[in-house]
Amino acid sequence: LAVLNLPDVLTNVEEVQRIDVRDPGAGDRVTMSRRLGIPVVVTGHVGWTDFASNWLRDSIGGLGQVLDCNAMVKDLGDEMVPIVRKSYDETGSLKERMRLSRFIKCYWKKSNSSR
């Protein structure tokens with residue numbers, strides 16, 4: 001999944017795992033990913049995800065679609081999202097919340113899991 005240019009914010013973005021709802025065990029994989037704070041893209045819903053259609057743009061060269069983070073932040077940037085990360089002593093997890101716009105801007109960069 002590629003990402004359209006969001007200047008000085010998302011230049012190196014990690015690939016996001018896709019989970020097809022029709023695959024056996026998809027529900028468990030989605031649930032586990034959410035509990036671990038791992039972002040995933042759920043595919044295979046017919047008509048259910050039309051609300052997000054304006055977040056996708058055709059790629060240059062017609063090789064599929066890319067995520068338009070500016071459009072996603074415009075729609076959801078003020079939403080509070082859960083953040084789950086390992087504790088400093090690895091005994092549990094730390095949970096907090098922040099606005100999606102801040103998460104994308106500050107932490108959704110490749111190798112930036114400092115918080």
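D68 is buried, with a relative accessible area of 10% (buried means under 20%, exposed over 50% and partly exposed in between, using a 1.4 Å probe and protein chains only). This aspartate lies in the loop between β5 and α2, and its side chain reaches the backbone nitrogen of N70 at 3.1 Å. That is a polar contact (a pair of N or O atoms within 3.5 Å; within protein, one must be able to donate a hydrogen and the other to accept it, and residues adjacent in sequence count only if both atoms are side-chain atoms). The model is predicted: local features need pLDDT of at least 70, side-chain atom pairs count only at pLDDT 80 or more, and totals for chains, interfaces and linings use all residues. Residues are numbered from 1 along each chain as its sequence is written, and side-chain values use heavy atoms, leaving out hydrogens and water.

**Confidence**

- The protein chain averages a pLDDT of 77, and 78% of the residues score at least 70 (pLDDT is the predictor's confidence in each residue, from 0 to 100).
- Over residues 1-11 pLDDT stays under 50, and the model has 27 contacts beyond four places in sequence for this stretch (a contact means heavy atoms within 4.5 Å).
- A friendly caution: where pLDDT is low, the predicted coordinates should not be read in detail.

**Salt bridges**

- A search of the whole structure finds two salt bridges (a side-chain nitrogen of Lys or Arg within 4 Å of a carboxyl oxygen of Asp or Glu).
- D68 takes part in one of them, with R57 as its partner and the closest N and O atoms 3.2 Å apart.
- R57 lies in strand β4 (residues 56-58) and D68 in the loop between β5 (65-67) and α2, so this pair ties together parts that are 11 residues apart in sequence (helices, H or I with at least four residues, and strands, E with at least two, are DSSP runs numbered from the N terminus).
- R57 is partly exposed, at a relative accessible area of 33%.
- R22 forms a salt bridge with D20, where the closest N and O atoms are 2.6 Å apart.
- Within that pair, R22 counts as exposed at 61% relative accessibility, while D20 counts as buried at 18%.

**Nonpolar core**

- The largest nonpolar core has 14 residues, and those with the most contacts inside it are W55, L67, M72, I104 and W108 (such a core is a set of buried Ala, Val, Leu, Ile, Met, Phe, Trp, Tyr and Cys residues joined through side-chain atoms within 4.5 Å).
- At least two residues of this core come from each of α2 (69-76), β6 (80-86) and α3 (100-106).
- α2 gives the most to this core, with three residues.

**Aromatic pair**

- The count comes to one aromatic pair (rings of Phe, Tyr and Trp, the last by its six-membered ring, pair if their centres lie within 6.5 Å; planes under 30 degrees apart count as stacked, over 60 as edge-to-face and the rest as tilted).
- F51 and W55 form this edge-to-face pair, at 5.7 Å centre to centre and 90° between the planes.
- F51 counts as exposed at 54% relative accessibility, whereas W55 counts as buried at 11%.

**Around V16**

- V16 is found in the loop between β1 (2-3) and β2 (17-20), and V16 is buried at a relative accessible area of 12%.
- Not counting residues up to four places away in sequence, V16 touches P39, V40, V41 and W108.
- V16 and V40 are 24 residues apart in sequence and 5.6 Å apart in space, C-alpha to C-alpha.
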